[in-house]
Amino acid sequence: MRLIQQAWTVAAKDLRSELRTKESLNAAGGFALVILVLFSFVTDPGETETLYALSGGLLWLVFAFAGVLILNRSFAREQANDCLDALIASPLSPAALILGKSAASFVLLLIVELPCLPIFGGLYGLSQWSSHWLGLVGVVLLGTWGMTVIGAVFSALTVNLRLRELMLPMLVYPLLIPVLMSAMRLSTVFISGKDLEADDAIWLRLMIAFDIIFTALALALAEDVLVS
Amino acid sequence: MASRSNPAVSVAKVCKYFGDFPALHGLEFDVAAGSCLALLGRNGAGKTTLLRILAGLSEPTEGKVTLLGFGARDHEARKRTGLIGHGIAIYDELSAAENLRLFARIYGVESAEKSVQEWLERTWLHRVQNSPVREFSRGMRQRLAVARAFLHRPELLLLDEPFTSLDDKAIALLQSLLRDALARGTTVVMSTHQLREAMELATHVALLHRGKLAHSGERPPEMLTDPGFLYRTYGEA
């Protein structure tokens, strides 16, 4: 219970700070919009079948790129005035710090992602997903949590590196392959207006297992990640 | 430096290597509860490295550190310790009151709002408590950092260069707060180059020289009038 309370304290602080400065929200939101528009130039609106087949991949590439912008700021925010030292030296558990950072990044990334869904549908003329929006939102929630929990750990690991903006995506993207593949596949199914079939269930199970395993690993390794 | 019976801080055979470089080598001393230890030494002597280990920010390569009877990373030790490090550890986007409320929650301070208001008044920030810290002057930010470190009434204070770049008024405030804390039985360990301010409070001194303990013991009376006494006697050996 204390872990959840402490994590909420960290998340609330991060959200309050970000909603005041809007540094990463503006960057990630603007970037997502630009990428969505640019991708629309290279796709043929007449080829609806191809568009539906590519839709999940396109969407999650946008989310993955935008996500790194938010994750980069997650621990970098603590660098000003050496705030991270004060948090590590406090009774706050390292696991709560990682969990709170993950939760804040999760909410911020959702703020960017959810408006992208109707924009994506409108720009690419894909309307069949409206009947399966709940499933699509579920995939977005599961995929985003996987991204943010791994991203928070690596944001902590790379926060003191001079090239952290470069290092974070280089380290995180390979690890995200299972969750991104699952999210892309499942999103394609829902955007195409189809129901989940037995073959797709493996991707859903993979994504849920990924989220659980990496959340547990992140919490277990938090102390080693934060204390040198 | 202190009786071994009930030390507030115990440093046992602590070594810290950065690669092959020995930043600290075989440090061993205790700090008695209620005393004020001034950690002295030239730049690069290892003062900040030692304070970071005491604060639980860094693990010693060898040896062990005990704070108030607990390991340095133990929750109980962290809860009862206050830290002023090199940075002020204050969030620029939050107001002064929000910063203190945040740390009051983290430290589980009882009657948090009352404590926050008390410390805002004690550091003369109550009139600007709702203003974002980014609008504060340097002195105001440092006073807020002091309030943050004292807010949970720590039994042990770890201070890294606490007087650096403080103006006269802020130095007087910090000295007065430290005197009050020492009178309540708080233990203070501070690293400093500002010997004159530190010697008014220090009951003990420890001199680090290239990662080793060159001298430790009660503050020599000569240091009150001649703060450089210890350096001349031991430090340049």
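**Talking through the model**

Trainee: Let me begin in chain A. Apart from its neighbours within four places in sequence, what is L180(A) in contact with?
Mentor: L180(A) is in contact with W60(A) and A64(A), once neighbours within four places in sequence are left aside. Do keep in mind that this is a predicted model.

Trainee: Noted. Which helix holds L180(A)?
Mentor: L180(A) sits in helix α7 of chain A, residues 164-191.

Trainee: Is L180(A) buried or exposed?
Mentor: L180(A) counts as buried, because it has 22 C-beta neighbours inside 10 Å and the cut-off for buried is 20 or more. There is also a distance to look at: the C-alpha atoms of L180(A) and L61(A) are 8.5 Å apart, although 119 residues separate them along the chain.

Trainee: On to where the chains meet. How many residues does each of chain A and chain B put into the contact?
Mentor: Chain A gives 19 residues and chain B gives 24. On the chain A side, the elements that supply two or more residues are α1 (2-21) and α4 (83-89).

Trainee: Now chain B. How is it divided into domains?
Mentor: Domain 1 of chain B is 1-80 + 155-237, and domain 2 is 87-153. Their C-alpha centres lie 25 Å apart. The contact between them takes eight residues from domain 1 of chain B and nine from domain 2 of chain B.

Trainee: Which element gives the largest share of the domain 1 side?
Mentor: That is helix α6 of chain B, residues 168-183, which supplies four residues to the side touching domain 2. By class, that side of domain 1 of chain B has six nonpolar, no polar and two charged residues.

Trainee: What about chain B as a whole, how does its radius of gyration fit a compact globule?
Mentor: It agrees: a compact globule of 237 residues would come to near 18 Å, and chain B has 18 Å. The C-alpha atoms fill a box of roughly 50 × 40 × 35 Å along the principal axes. Of the 237 residues, 50% count as buried. Counting contacts in chain B with a separation of 6 or more, 68% are between residues 24 or more positions apart. The secondary structure comes to nine helices and ten strands.

Trainee: Which strands does β8(B) pair with?
Mentor: β3 of chain B, residues 36-40, pairs with β8(B) in the parallel sense over four bridges, and there L39(B) has S191(B) as its bridge partner. β7 of chain B, residues 156-160, also runs parallel to β8(B), joined by five bridges. L157(B) stands opposite V188(B) in β8(B). Helix α6 comes back here too: β7(B), α6(B) and β8(B) make a right-handed β-α-β unit.

Trainee: And the antiparallel sheet, what is its strand order?
Mentor: It is an open sheet of four strands in chain B, ordered β2-β1-β4-β5.

Trainee: Why do β2 and β5 of chain B have one side without a neighbour in the sheet?
Mentor: Because β2 (21-32) and β5 (70-71) stand at the edges, each with a single partner strand. β4 of chain B, residues 62-67, pairs with β5(B) over two bridges, and T66(B) has G71(B) as its bridge partner.

Trainee: Last topic, backbone angles. What is phi for A89(B)?
Mentor: Near 55 degrees, a positive value in a residue other than glycine. Most residues other than glycine have a negative phi. A89(B) lies in the loop between β6 (81-84) and α3 (96-107) of chain B, and is buried, with 25 other C-beta atoms within 10 Å.

Conventions. Residues numbered from 1 in each chain as written. Chains lettered and ligands numbered in written order. Predicted model: local features only at pLDDT ≥ 70, side-chain atom pairs only at ≥ 80, totals over all residues. Domains from an automatic or database assignment. Contact = placed C-beta atoms within 7 Å. Nonpolar A, V, L, I, M, F, W, Y, C, P; charged D, E, K, R; others polar. Rg over C-alpha atoms; globule rule 2.2 N^0.38 Å. Buried ≥ 20, exposed ≤ 12 C-beta atoms within 10 Å, placed from the backbone. Pairing = 2+ DSSP bridges. Right-handed = clockwise from strand over helix to strand, strands pointing away.
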